Amino acid sequence: MIDSKEEELKGLTLDQKTIEILVANIIPTSKYFESRFDNLQYQVNEIKDDIKNLESRMEKRFEQVDQRFADMKTEMDKRFGQVDQRLEKMDRRFQQIEDKLDKILERIDRRIDDGLRENRVQSMRMFTFAMTFSAISMLGLIGKMLKLF
C-alpha cells in the first residue's frame with residue numbers, strides 16, 4: 001500500500017490545470033477575504049451600534065437623574081421657603097414677647113423708682129425728725145446745764 005501511494009505521488013505532474021485547481025481550492029480567493037472583511041465590518045458596526053445604544057441609554061438615565069436632582073432642589077427650595085415663613089412668624093411672635101417683656105420691665109422699673117423716691121423722701125423726713133429731735137435735746141441739755149429750765 002505504501003508503494004502504491006508513492007507511485008501515485010510520483011505520477012502527479014504539475015501542469016497549468018493542476019496549479020489552477022490548487023490556487024482555486026486551496027489558496028483563498030479575494031472573495032474569501034472580502035467576505036471575511038465584510039463579516040469583520042459587520043461586527044464592528046454592531047459594536048458601534050451597541051455603544052451608541054448604551055450611550056443613549058446612559059444619557060437618558062443621566063437626564064432622569066438630573067431631573068430628580070432638579071425636582072429635589074425645587075422641593076428643598078419650597079421647604080426652605082416654608083421654614084423661612086415659619087421663622088418670620090416666630091420672629092414676629094418673639095418680637096411681641098420682647099415688647100411685652102419690655103413693658104413689664106418698664107413698669108417694674110417705674111415702681112422701683114417710685115419706691116426709691118418714696119424711700120428717699122421718707123428717709124429725709126426721718127433724718128429731719130432725728131436732727132430736729134437731736135437739736136431739741138441739745139437745747140434741753142444746754143438749758144439744763146445753764147439752769148435755764
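The side chains of Lys-73 and Asp-77 form a salt bridge, with N and O 3.1 Å apart. A salt bridge is taken here as a side-chain nitrogen of Lys or Arg within 4 Å of a carboxyl oxygen of Asp or Glu. The model is predicted: local features need pLDDT of at least 70, side-chain atom pairs count only at pLDDT 80 or more, and totals for chains, interfaces and linings use all residues. Residues are numbered from 1 along each chain as its sequence is written, and side-chain values use heavy atoms, without hydrogens or water.

Lys-73 and Asp-77 both belong to helix 3, which spans residues 30–145. They lie four residues apart, about one turn of the helix. Helices (H or I, at least four residues) and strands (E, at least two) are DSSP runs, numbered from the N terminus. Lys-73 counts as exposed, at 52% relative accessibility. Asp-77 counts as partly exposed, at 44%. The classes are buried (under 20% relative accessible area), exposed (over 50%) and partly exposed (in between), with a 1.4 Å probe and protein chains only.

The salt-bridge rule gives a count of three. Glu-75 pairs with Arg-79, and their closest N and O atoms are 3.3 Å apart. These two residues are also in helix 3, four residues apart, so about one helical turn separates them. Glu-75 is partly exposed, with a relative accessible area of 34%. Arg-79 is exposed, at 52%.

Another salt bridge joins the side chains of Asp-114 and Arg-117, at 2.9 Å from N to O. Here the spacing is three residues, about one turn of helix 3. Asp-114 is partly exposed, with 38% relative accessibility. Arg-117 is likewise partly exposed, at 45%. In general, side chains of opposite charge can pair when their charged atoms come close.

A patch of negative charge also lies on the surface. Its members are Glu-98, Asp-99, Asp-102, Glu-106, Asp-109 and Asp-113. Patches are made of residues with over 30% relative accessible area and no salt bridge; like charges are joined within 9 Å, and nonpolar side chains (Val, Leu, Ile, Met, Phe, Trp, Tyr) within 5 Å. Asp and Glu count as negative, Lys and Arg as positive, and His and the chain ends are not counted. Each charge is placed at NZ of Lys, CZ of Arg, CG of Asp or CD of Glu. Glu-106, one of the patch residues, sits in helix 3. Glu-106 is partly exposed, at 49% relative accessibility.

A search of the whole structure finds one aromatic pair. The ring centres of Phe-129 and Phe-133 are 6.3 Å apart and the planes stand at 20 degrees, so the pair is stacked. Rings of Phe, Tyr and Trp (its six-membered ring) pair if their centres lie within 6.5 Å; planes under 30 degrees apart count as stacked, over 60 as edge-to-face and the rest as tilted. Phe-129 and Phe-133 are four residues apart in helix 3, about one helical turn. Phe-129 is exposed, with a relative accessible area of 60%. Phe-133 is exposed too, at 54%.

The protein chain holds three helices and zero strands. From the N terminus on, its elements run α-α-α. Of its 149 residues, 1% count as buried. The accessible surface of the chain comes to about 14,800 Å², and 61% of that belongs to carbon and sulfur atoms. Accessible areas come from the Shrake-Rupley method with a 1.4 Å probe; for residues, only the protein chains shown count as cover.
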